[in-house]
Amino acid sequence: EEPCDDNLDGIGNLPDNFWLDMCSQISASDSGLGIVNLKLNPERNTGYNGTHIWNAIYEENCLALDGSSSAPMCYEERVLYRLLSGLHASTTLSIAKNYYPPSKRKGRENWEANPQYFIDKFADHPEHLRNLHFSYVVLLRALKKASPFLYKFEIKTGDILDDEMAKILLRRLLDSTILRSCHSVFTAFDESLMFRERETAISLQENFKGVFHNVSSILDCVQCQQCKLHGKMAMLGYGTALKILFLPEKSIGMSLGRNEIVALLNTIAKMSESVREVRELTHLYWSTHTRLEKSMEDGAEGVLGRGGAAATGGGGASSGSSAGIDTVDVLDAAVGAVSTLANQGLIDESVEAKLIQQAFQRNPELMVLSKHYGNDLRKFLSFLPNVDGQITTQPLDGGEPDAIVVGTGLAGLAASLNILDRGGRVTLIEKEHRMGGNSNKASSGINACCPQNSTYGDSLDDFLNDATRSAGESARPELINILVSNSESAVQWLKDRVGVNLSVLAQLGGHGHKRTHRPSSGMVGAEVIYAIQKAVKSYEKTGTLKMFMDTRVMQLVRDDNGGAVIGVDVVTTIADGKNETKVLTAPNVILATGGFASDRSHGSYLERYRPELMKMPATAGEFSTGDGITLGTSVGAGLVDMEKVQVHPTGWVDPKDPSNPGKVLAGELMRGVGGILINSSGNRFCNELGTRAYVTDKMFGHDSHYKNTKMWNVDSKIPTFSLVLSSLAAVGAKKHVDHYLNKGLLQKFEGVIELAKWMDLPVSTVKATLQQYQRDAKKGTDEWGKTSFSGVPQDNLVKETFYAGTVTPVLHYCMGGLTINGNGSVLDEDNNAISGLHAAGEVSGGVHGDNRLGGNSLLECTVFGTIVGKKIPIKQRASSVHQTAQDGNNAGEKLELQKLTMEDVAQHGTEEDCWIAIHGKVYDLTDFVEEHPAGPESIVELAGQDGSEAFEAVHSEGILDDFDPVGIL
């Protein structure tokens, strides 16, 4: 940066370029400094004690601009003091908002706030929060002054799309209402009032800049790198703002660098976030307190500086009161607690009125009860008579549920969770011993057109067109539009409410853009089902959820007029193998029982509608027998698209059991990352990114009968193919590759020679096919119209690492099922809704038409499960309230785990006594074996062993939070 000229002009004024080097002590060329993503490095509690840094700033005469540390502050000193105090306040707020790190022992999945820390720091010093607002005003004033220059500022990082987006966002900020209409706010500070005393103006300016430089240099003493990063960024933002304010307007354009502009905008964002955090932390504190209480160990460093209250600019001494935070907040907290009780139906209107009256009278018993039991409304309700003997409460009603949900796949669980979250009651029925259904097996992801997809040019119209094109002549625009338009909210709900990481975006076959979301760790189906069943089952302890496992619905119960569905007859298999029959009633029954792809029995839906597919293997679980369709048709439900049974092109052939009719799916993801399909002659034969129907058709075309008739012969031999991934493609699907390697479905080969040997083909043939693929990739297209080439093998095929397995077409999904409308109501054969009967997921038909796009199954389950769950009427009743807060402070003492060896683990290697070592800890999973959503086999085969690699290939480590280890290795 050009050094400023500190020489005076002939009349004793400092030159115009005096302020140009305000930021010179915050150099971007410091050793070890690089580009840092602030989103990935947020400001939070690192445990670093920065008291000595702030002491150096406030106590070592840094602000004595006139050389005297005892004299009252002049205006210029107060400005600089308030800016630094505002920065200190902002840093403290960030720590308070992100105080407690994730902890398995404490049950914290994310960073959590410490409202008490916030109160300790600011309750007696509201002036520090005023300094925060002052700093925000100064920064906004600078932004407004620089607006003409910034509006035309060229952003050039080398990424055209990012640059254009940044330019749009910057201009949107500059055009915002706050900059156009808040002139009165900006006049709260006026830089023209500074340095006006003629006798001291020059020395004050020199000292002001010198002090700012000193403070900037002090930050080099910060040992915490993350703390230093945010401190330097803020000081660079401050320095840029002051430079803008002190320089003539004509000089602004030539004086600002890209780093300074970035720092200014980020510092404004930091202050804006801090202002919001004050409200959030205040609300969090009063949600659990009825009076202001400071910790016994306050430890709050006062942002005092020289001059005490005068430094605040508040115009008076601090009284030490907490008027800025206390006042009516205690009353507000009490009234809020009573309001929650009433809204949840725990008290009637007369009790509500009486409690509100006592709250306004500040009844001490009610205040104490709210403080200690406000988070446990069940106990709060039972203790209310102790506040006032004349108050009577209704007993918790364990009556009829709002809905019976049949099936525990994603559709059933989504419907259940939406009802439960709304305060409803659910009876959940599952015929298997485990939850999850086929949703648990999903591997490719869930589709959604979200704002972040804009990088890839996606839009709702494009998604709608892809789904409609795949649906073909059977497309039903109403249902497809509902599926697509609700996709973003569905994925967001899974992220926010269910807590699933869906951060990775991929493009599957049949899709024109990247829109398939999946976890960065773990398989999507296992992650989603584990998280949502955990959320649903948490309602069991409140009495709002009743679950019946190993329970089969035998028939639907209708009212006396033979109209509305009002319940189900069920048979439960109990522990000793005996059956128990009962009738369960509810005003609504939701069928979420899945499809019928695994039922090859005589008279099955598969035999009735697609007999030629009876011998084809399937990926669906053995439980996929069309139960819900049978139940629906028994009360007159219509059927649609029953002949539309999807054959997925790639199911893994297990070399250890090739004839097994049950296959593991090799999802679209394996082809999306660059997997190549090669036939037994060593040739490619299709665009691997085509729709499932297209790729399957190309595979079936290897059979002469199908090639001539386009009809599959039930007695024909089902063809097999090789699915080959390069090392680069394998990186794009690492979790899946590791999982399939572990199961023996995929093998690793060093070089094309080993690959060809495994394929039982001449090396020259395989090499020629791969080389042609490389040429096609460089050209950007091939003979089948493929235009997207990911994971292309490296030029030297002899040194390339390949991953390959055998795949075959498999029955995967039933597009047909019960006829529904857009609200998920089941329709009869005349398209009239059957009262009390609803359906979501694969049991329903018509959503996907002729062919379902990969990634749309989990989407359908979430969208229609949510739609049905949200429309079910909730009875007004006195009911329990679900507790979602986790009190880490009540966790017991951490027990010291016993030291074990693998020899110890090996002694527990059976289904009845199952220990597994995972990442250095040993878990007793005996009681979980039968509950494992993916089945007991994958756990039992690891009994007595180290299962870290197998676990990591499928799950994220957070799944272990619910299991206490029995020891460590």
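Author: Happy to, and please keep in mind that this is a predicted model. Let's start with Lys 786 and Glu 688, whose side chains meet in a salt bridge, with N and O 3.0 Å apart. Lys 786 sits in the loop between helix 29 and strand 17, while Glu 688 belongs to the loop between strand 14 and helix 24, so this pair ties together parts that are 98 residues apart in sequence. Are these two side chains buried or exposed? Both Lys 786 and Glu 688 are buried. For Glu 688 the relative accessible area is 0%, and because buried means under 20%, the label clearly applies.

Glu 688 has another partner as well: Arg 684 forms a salt bridge with it, and the closest N and O atoms are 2.9 Å apart. Arg 684 counts as buried too, at 8% relative accessibility. Now follow Arg 684 to Asp 782, because a further salt bridge joins them, again with 2.9 Å between the closest N and O atoms. This pair also links distant parts of the chain: Arg 684 is in the loop between strand 14 and helix 24 (692-700), Asp 782 is in the loop between helix 29 and strand 17, and 98 residues separate them. Like Arg 684, Asp 782 is buried.

From here, step back along the chain to helix 29. This helix covers residues 763-779, 17 residues in all, and reaches 24 Å from its first C-alpha to its last, close to the 24 Å expected. Which of its residues are buried? They are Val 766, Thr 769, Leu 770, Tyr 773, Gln 774 and Asp 776. These residues cover an arc of only 165° around the axis, which puts them on the same side of helix 29. On the face turned away from the buried side, helix 29 carries the exposed residues Ser 764, Lys 778 and Lys 779.

What covers the buried residues of helix 29? The cover includes strand 14 (676-678), helix 28 (752-759) and strand 17 (801-814).

As a rule, most residues other than glycine have a negative phi. Asn 831 has a positive phi near 65° although it is not glycine. You will find Asn 831 in the loop between strand 19 (825-827) and strand 20 (833-839), and it is exposed, with a relative accessible area of 53%. Asp 550 also has a positive phi, near 55°. Asp 550 is in the loop between strand 6 (545-548) and strand 7 (551-558), and it is partly exposed at 22% relative accessible area.

To place our charged pairs in the whole model, the count of salt bridges comes to 30. Elsewhere, Lys 97, Glu 273, Arg 276 and Glu 280 are linked in a network of salt bridges.

Key: Residues are numbered from 1 along each chain as its sequence is written. This is a predicted model: local features need pLDDT of at least 70, side-chain atom pairs count only at pLDDT 80 or more; totals for chains, interfaces and linings use all residues. Side-chain values use heavy atoms; hydrogens and water are left out. Helices (H or I, at least four residues) and strands (E, at least two) are DSSP runs, numbered from the N terminus. Buried means under 20% relative accessible area, exposed over 50%, partly exposed in between (1.4 Å probe, protein chains only). The expected span of a helix is 1.5 Å times one less than its number of residues. The arc is that of the directions from the helix axis to the C-beta atoms. Contact means heavy atoms within 4.5 Å. A salt bridge is a side-chain nitrogen of Lys or Arg within 4 Å of a carboxyl oxygen of Asp or Glu.
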